[in-house]
Amino acid sequence: MSSVSAVGDGSGSAAKEKEQELTMGDVARRLQAIEDMIRPLIPLHDQVAALEVSLTAQGQQQQLLNDGLLRAEHALQQGRPPTGHRHDDEDDGFATTHKLEFPKYDSVGDLCRG
């Protein structure tokens, strides 16, 4: 039977410094006990990764909400109602509208004049 020596830490007493004999069976049993303690922790790695993804998404959503609140606050400080819509191309936050002119019928044949 093979054995492994474990030497004391040199802290003083002769009893502590006495070598203890561990058989390979003892080492195998201790290793198995450690593996049994670690096995339930393995699924936690995947759960932590999923939580990190979720927290990142929530952080991005929080940033969008904060940005919206800041835009609304800025609009109110300028004396205009917050629109709730984002317009990157305009400073005032209002959408540009265009007036459309349609041709008018002048009752002379099928000619349309605009």
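Student: What follows helix 3, and what is its phi like?

Tutor: Helix 3 is followed by G79, whose phi is positive, near 80 degrees; bear in mind throughout that this is a predicted model.

Student: And helix 3 itself, how many residues does it have and how far does it reach?

Tutor: Helix 3 covers residues 42–77, which makes 36 residues, and from its first C-alpha to its last it reaches 53 Å, close to the 52 Å expected at 1.5 Å a residue.

Student: Stepping back, what is the overall secondary structure, and in which pattern does it run along the sequence?

Tutor: The protein has three helices and four strands, and read along the sequence they follow the pattern β-α-β-α-α-β-β.

Student: How much of the protein is buried?

Tutor: Buried residues make up 4% of the 114 residues, and the protein exposes about 10300 Å², of which carbon and sulfur atoms supply 58%.

Student: What share of the contacts comes from residues 24 or more positions apart?

Tutor: Among contacts with a separation of 6 or more, residues 24 or more positions apart account for 0%.

Student: Changing topic, which residues form the nonpolar patch on the surface?

Tutor: The patch is formed by I34, M37, I38 and I42, which together have about 400 Å² of accessible area, and its largest share, three residues, comes from helix 2, residues 24–38.

Student: Take I38, then: where is it found, and is it buried or partly exposed?

Tutor: I38 is found in helix 2, and it counts as partly exposed because its relative accessible area is 42%, which lies between the 20% and 50% cut-offs.

Student: How many salt bridges does a search of the whole structure find?

Tutor: The search finds two; in one of them the side chains of R29 and D26 meet at 2.3 Å, N to O, and in the other the side chains of R39 and D36 meet at 3.0 Å, N to O.

Student: Where do R29 and D26 lie relative to each other?

Tutor: Both R29 and D26 lie in helix 2, three residues apart, about one turn of the helix. An α-helix has 3.6 residues a turn, so residues three or four places apart point the same way.

Student: Are R29 and D26 exposed or partly exposed?

Tutor: R29 counts as exposed because its relative accessibility is 55%, whereas D26 is partly exposed, with a relative accessible area of 24%.

Student: What about the R39 and D36 pair, exposed or partly exposed?

Tutor: R39 counts as partly exposed at 46% relative accessibility, and D36 also counts as partly exposed, at 39%.

Key: Residues numbered from 1 in each chain as written. Predicted model: local features only at pLDDT ≥ 70, side-chain atom pairs only at ≥ 80, totals over all residues. Heavy atoms only, no water. Helix = DSSP H or I, 4+ residues; strand = E, 2+ residues; numbered from the N terminus. Buried < 20%, exposed > 50% of the residue type's maximum accessible area, 1.4 Å probe, protein only. Contact = heavy atoms within 4.5 Å. Areas by Shrake-Rupley, 256 points an atom, 1.4 Å probe, with all protein chains shown as cover. Patch = residues over 30% accessible without salt bridge, like charges linked within 9 Å, V, L, I, M, F, W, Y side chains within 5 Å. Salt bridge = Lys/Arg side-chain N within 4 Å of Asp/Glu carboxyl O. Expected span 1.5 Å × (residues − 1).
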